[in-house]
Amino acid sequence: MNASTMSNPYSPSKRAEMAAGQPISMLMAHALENADLLSLAAGFVDEATLPTDAVREACNAIMGDERAARAALQYGSTAGNRRLRAMLLDRFLADQSTSLASPPGIDQVVITAGSNQLLHLIAESILDPGDLVLCTAPTYFVFLGTLANVGARGHGIETDDKGMIPESLDDHLAHLNAAGELARVKAIYLVPYFDNPQGITTSPQRTARIVEIAKRWSIDHTIHVIADEAYRELRYSGPQVDSARAYDDDGETVIVAGTFSKSFSPGLRVGWGMLPRNLVEPVCNQKGNMDFGSPNFAQSIICYAVEHGLFDRQIEVLRQGYAPKLQAMLEAADEFLGPIEGTSWTHPTGGLYVWARMPNGLNTGPDGPLFQRAIEEGMLYVPGRYCFPLEGEPVPENTMRLSFGVQTAERIREGMRALATAVRKAQATR
Ligand SMILES: Cc1ncc(COP(=O)(O)O)c(C=O)c1O
């Protein structure tokens with residue numbers, strides 16, 4: 001072949017190869033191909049409750065003030081808007097039931113473009129290819145993609161309805177140590193509040209023990225605890241629980257990741273990190289090389305919303321909007337899945353998700369008998385297997401994540417009925 005007519009083949013980097021094949025693209029493709037599909041898969045927030053009035057008010061106020069407008073339209077600093085960081089820190093400290101032994105300073109608060117960016121920056125700062133992060137099994141599946149992106153490995157720890165089981169964490173660490181892999185363990189990843197995918201909250205006793213175990217096994221390097229608090233504000237009932245950071249006496253272990261995505265607007269892409277002192281510089285270096293600061297205009301809007309009480313008002317709107325939807329999903333689960341022997345599900349008191357277990361042997365995976373049938377019945381769920389790290393605890397084949405954030409209560413009920421019909425049909429042909 002003539003060299004001039006031959007198109008040059010793309011030669012992917014190792015990074016590009018490691019980033020490929022994440023489930024999110026497959027799920028989005030299904031949703032797009034079948035526009036009528038009743039999706040209980042997407043973890044989006046409810047469009048009806050997005051704070052359009054609050055953001056309009058903030059934009060008008062910012063643009064109506066020449067100095068504020070110019071500042072908002074200019075680049076900001078790598079670590080982010082200082083007023084916003086100060087407010088985040090004050091609110092965080094005020095939320096804890098007691099004062100922290102070693103409270104973070106404002107220089108330890110970094111604003112990022114959504115908390116996913118923070119998780120990436122942390123991964124870039126502490127992980128080398130082959131390193132291990134211990135996660136609940138199941139865990140937030142996009143985070144498993146973040147690990148894959150840097151060539152790191154997720155390792156599942158046994159988890160029940162109170163979160164990661166500390167004894168299992170300790171056992172896995174002992175085994176990894178015996179296998180010569182302790183030097184590879186760099187972090188423990190938790191979503192302590194109303195987690196993704198199970199909707200459960202880690203009990204304070206467990207959180208305290210997990211931090212203690214991380215410190216005990218930090219023999220020649222720090223094993224960080226990444227506390228991803230994405231759903232902290234979406235609490236519909238039950239008491240407020242202290243952050244994992246409250247159990248970190250010297251402040252060197254726990255990394256807190258927060259976001260305004262679920263509590264205000266994901267479109268603004270504003271998240272933050274509260275970092276151990278040693279991680280501030282590496283994370284800011286990574287961020288400086290990437291974007292030298294998250295969108296400044298979005299930070300100004302959030303800052304205004306927090307300062308003027310619009311953010312707190314929005315949290316109330318969300319609680320009132322989501323609580324009945326959660327209720328609708330749990331009632332529909334009782335009504336439609338309840339009569340099917342072998343099914344069970346979590347009973348969250350916040351967040352956006354319910355985690356369901358199908359009868360033993362019924363594979364919920366994309367190639368199993370249920371997934372396609374559920375689509376034929378008109379609904380979509382997230383196959384549970386996507387949420388399990390490949391190493392560590394065994395991966396059950398009969399689980400799924402169901403999301404109640406996007407659909408109305410009626411459609412949630414319809415979706416759950418469709419799911420139950422699909423389960424019965426799949427069972428009949430087994
Ligand atoms: C557990 C968890 N962490 C982080 C995120 C990322 O949120 P964002 O990057 O929008 O702040 C999500 C989004 O669904 C999530 O479920």
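A nitrogen atom of the ligand sits 2.6 Å from an N or O atom in the side chain of Asp 228. The protein covers 93% of the 390 Å² of accessible area that the ligand has on its own. The model is a predicted one. Asp 228 also belongs to strand E8 (residues 224-228), where 5 of 5 residues are buried. Strand E8 is part of an open sheet of 8 strands with mixed pairing.

**Ligand site**

- The shell around the ligand has 13 residues, and those that come nearest are Asp 228, Tyr 231, Thr 259, Ser 261 and Arg 269.
- By class, the shell residues divide into 4 nonpolar, 6 polar and 3 charged.
- Helix H6 (residues 114-126) supplies the largest share of the shell, with 3 residues.
- Ser 115 places a polar backbone atom 2.7 Å from an oxygen atom of the ligand.
- Arg 269 has a polar side-chain atom 2.7 Å from an oxygen atom of the ligand.

**The sheet of 8 strands**

- The strand order in this open sheet is E2-E10-E9-E8-E7-E3-E4-E15, and the pairing is mixed.
- Strand E2 (109-112) and strand E15 (391-392) are the edge strands, each pairing on one side only.
- E7 and E8 run parallel and are joined by 4 bridges.
- Within this pairing, Ala 187 stands opposite His 224 in E8, and Tyr 189 stands opposite Ile 226 in E8.
- In a regular strand the side chains alternate between the two faces of the sheet.
- In E8, His 224, Ile 226 and Asp 228 lie on one side and Val 225 and Ala 227 on the other; all are buried, and both faces of the strand are covered.

**The sheet of 4 strands**

- A second open sheet has the order E11-E12-E16-E14, with antiparallel pairing.
- Strand E11 (344-345) and strand E14 (382-383) stand at its edges with a single partner strand each, so one side of each has no neighbour in the sheet.
- E14 and strand E16 (residues 399-403) run antiparallel and are joined by 2 bridges.
- Val 382 stands opposite Arg 401 in E16.

**Helix H7**

- In H7, 7 of the 9 residues are buried, so the helix is largely enclosed by the rest of the structure.
- The buried residues of H7 are Phe 141, Phe 143, Leu 144, Gly 145, Thr 146, Leu 147 and Asn 149.
- Just after H7, Gly 151 takes a positive phi of about 75°.

**Aromatic pairs**

- The count of aromatic pairs comes to 9.
- Phe 143 and Tyr 189 have ring centres 3.8 Å apart and planes at 15°; planes under 30 degrees apart count as stacked, so this pair is stacked.
- Phe 143 lies in helix H7 (residues 141-149) and Tyr 189 in strand E7 (residues 185-190), so the pair ties together parts that are 46 residues apart in sequence.
- Phe 143 and Tyr 189 are both buried.
- Phe 260 and Phe 311 form an edge-to-face pair, at 5.1 Å centre to centre and with 70° between the planes.
- Phe 260 is in the loop between strand E9 (254-259) and strand E10 (271-274), while Phe 311 is in helix H12 (residues 310-337), so this pair ties together parts that are 51 residues apart in sequence.
- Phe 260 and Phe 311 are buried.
- One aromatic cluster is formed by Phe 260, Phe 264, Trp 272 and Phe 311.

**Met 379**

- Met 379 is in strand E13 (residues 379-380).
- The relative accessibility of Met 379 is 0%, so the residue counts as buried.
- From Met 379 to Pro 197 the separation is 182 residues in sequence and 18 Å in space, C-alpha to C-alpha.

Terms used:
Residues numbered from 1 in each chain as written. Predicted model: local features only at pLDDT ≥ 70, side-chain atom pairs only at ≥ 80, totals over all residues. Heavy atoms only, no water. Near = heavy atom within 4 Å. Polar contact = N/O pair within 3.5 Å; in protein donor to acceptor, adjacent residues only side chain to side chain. Areas by Shrake-Rupley, 256 points an atom, 1.4 Å probe, with all protein chains shown as cover. Nonpolar A, V, L, I, M, F, W, Y, C, P; charged D, E, K, R; others polar. Phe/Tyr/Trp six-rings, centres within 6.5 Å; stacked < 30°, edge-to-face > 60°. Buried < 20%, exposed > 50% of the residue type's maximum accessible area, 1.4 Å probe, protein only. Pairing = 2+ DSSP bridges.
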